[in-house]
Amino acid sequence: MTHIFPRHTAMRLPRAVSGDGCYIIDDSGKRYLDASGGAAVSCLGHSDKTITEAIKRQLDAIPFAHTGFFTSEAAEDLADLLIAHAPGDLDRVYLVSGGSEAVEAAIKLARQYHLERGEPSRARIIARRQSYHGNTIGALSAGGNMWRREPFGPLLVDMSHIAPCYAYRDQRDDESAEEYGRRVADELETEILARGPETIAAFIAEPVVGATLGAVPAVPGYFARVREICARYGVLLILDEVMCGMGRTGHLFACEADGVEPDILCIAKGLGAGYQPIGATLCSAAIYSAIETGSGLFQHGHTYLGHPAAAAAGRAVVSALVERDLVARSRDMGAKLDAALRDRFGQHPHVGDIRGRGLFLGLELVADRDSKATFDPARKLNATIKKAAFARGLICYPMGGTIDGRHGDHILLAPPFILEEAQIGELVDKLAGAIEDGLAS
Ligand code: PMP
C-alpha cells in the first residue's frame, strides 16, 4: 500500500528501477523498449551519464537560487545555446518547468505584448481543434480536446478554435495538398475578420500535432500562409513545439521544415530529455523590447523559473544534441523506422496512414482502409494496444477515442535518438504483435 495518487486510480503499475539506453527495467527485472520516449521526452535514452554528471556538478555547486535575486551560468548558457540555433528573430528565453508552463507563459506574454504597445483590446487567442497544449487552465483552454476540456468548462477561458491541418482525413479528392493547406489556413483569416483583428492577440498551433492526432505535420505551404495572415493582422504566431521540438522531427526546431518563423515558441519534453523537468518560452527581440521599454516587468512567474539543476540538464542535453549530431540521427533513424513500418504495415487492412517526421511517427488505425471508417470508440482499441504492447515489453503511445467530436485510434512512436538499427526490428515485431492482440480482443 502506498499513498501515491495515481492518475488512473485502478492501475497497478510496476516500479521503474533502472535505465539502459532505450530500455527501462522494472522491479521484476523485465525490460521495456521505450518506443515513445515516455511521451516524446527521452530523446537521449535512460542512462546518459553526461547528463546525470552535469546535473550532479550543478547540485554540488548551487542547487537553487531564486530568480528574483540571481541568475545562473547554466541558465544563461542554455538560453544562449538555444538562441544560437533558433529560427528567425527569436532572441530571448524564459525558462520554466514543463510544457504547460511554457504555453501559459506564451499566452500571457502575447497578451502583455499588446498591452505594452497600447492595444488592450487584443486578448483573444485562436487555436485549433483536435490539439493539445497542456493541462493547466490557460493551456487547456487553448487545447481542442473536448474530453479533457469538458469537466472544466466553466473554468476555461473563451478562445476560438479553427480546423487543424489533417490531410489524411480532411483533404478533398478534388484539391491538391497546397489547395487544401490554403483552405484551412484561410479559416484563420476568416476567424480574425469575424472577431475583429483588433481583438486578436495570437494564434497557437503545433507544427507537428502530437498527442491528439499522432504525428501529423501540416501540408506544404500551410504555415507559410498562416505566417502571412498573422503578420497582416498584427496577430502573434505561437508555435507549440513542446512535443515535436528539440530534434524530434529531424530538425532541432520542427518549424524549420515548414520554413516558418514564429514570434513565440514553446519547448519542453526533449529539452530536459526526462533528466529534469524543464520547459522554455522563446520570444522575438520585438516582444522582449516591448516589455523592456514598457513596464519593464513580465507580469508572470513561478518559484522554479530557471532552476539551476534543470538548466544544467537542458544545457547538457542541447549540447549533446548538437555535438553528437543527434538531430541528424533522429532524421536518419526516423527514415529507417518509417521504412520498416511501411514494410510491415503498409498493406495492413487496419493501418490507414503512416506519417510523421524524423523519429516522430504515427500510425492511424481504421476499421476499413478504403472508407477510412474508424473503430467504435467504445472498443477502446488504442488502450488495448497500449496494454498488449506493455505486456510484450514495448512502450508506445496509443491514443484516440473521441477527440473534439471525431473518433480515431492512433499510435505515436517517438523513440530515443540513440535507437539502433537492430532495435527497429524488435520495435516493429512487438508493435505488430500488440496490434494483432488488440484487434483480436
Ligand atoms: N503542448 C504539447 C504540444 C504537448 O504535447 C504537451 C504534453 N503532451 C504539452 C503542451 C504539455 O506539457 P506538460 O505535460 O509538460 O505540461
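Two strands count as paired here if DSSP finds at least two bridges between them. Strand S7 (residues 200-205) and strand S10 (residues 236-240) qualify: four bridges join them, and they run parallel. One handy landmark is Ile-204, whose bridge partner in S10 is Ile-238. Keep in mind as you look around that this is a predicted model.

**The sheet and its helices**

S7 and S10 belong to an open sheet of seven strands with mixed pairing, in the order S4-S12-S11-S10-S7-S5-S6. Which strands stand at the edges? They are strand S4 (90-96) and strand S6 (160-162); each has a single partner strand, so one side of each is left without a neighbour in the sheet. On average, neighbouring strands of this sheet are turned by 20° against each other, ignoring direction.

| Helix | Strands touched | Angle between directions |
|---|---|---|
| H3 (residues 73-85) | S4 and S12 | about 140° with S4 |
| H9 (residues 222-233) | S7 and S10 | about 145° with S10 |

Now for strand S16 (residues 397-403), which is mostly covered, with five of its seven residues buried. S16 is joined by seven bridges to strand S17 (residues 406-413), and the two run antiparallel. Within that pairing, Met-399 has His-410 as its bridge partner in S17. The hairpin has two residues between the strands, and Asp-404 takes a positive phi near 55° there.

**Around the ligand**

How many residues surround the ligand? There are 15, and the closest are Gly-98, Gly-99, Ser-100, Val-242 and Met-243. Helix H4 (residues 99-116) supplies the largest share of this shell, three residues. Sorted by class, the shell has seven nonpolar, six polar and two charged residues.

**A look at Ala-273**

Ala-273 sits in the loop between strand S11 (264-267) and strand S12 (279-284). Is Ala-273 buried or exposed? It has 28 C-beta neighbours inside 10 Å, and the cut-off for buried is 20 or more, so Ala-273 counts as buried. Leaving out residues up to four places away in sequence, Ala-273 touches Val-41, Ser-42, Cys-43, Leu-44, Ile-51 and Val-317. Asp-186, on the other hand, is 87 residues from Ala-273 in sequence and 36 Å from it in space, C-alpha to C-alpha.

How values were computed. Residues are numbered from 1 along each chain as its sequence is written. This is a predicted model: local features need pLDDT of at least 70, side-chain atom pairs count only at pLDDT 80 or more; totals for chains, interfaces and linings use all residues. A residue is buried if 20 or more other C-beta atoms lie within 10 Å of its own, exposed if 12 or fewer, and partly exposed in between; C-beta atoms are placed from the backbone. Two residues are in contact if their C-beta atoms, placed from the backbone, lie within 7 Å. A residue is near a molecule or strand if its C-beta atom, placed from the backbone, lies within 6 Å of it. Ala, Val, Leu, Ile, Met, Phe, Trp, Tyr, Cys and Pro count as nonpolar, Asp, Glu, Lys and Arg as charged, and the others, Gly among them, as polar. Axes are lines fitted to C-alpha atoms, for helices over the stretch in contact, and angles run from 0 to 180 degrees between N-to-C directions.
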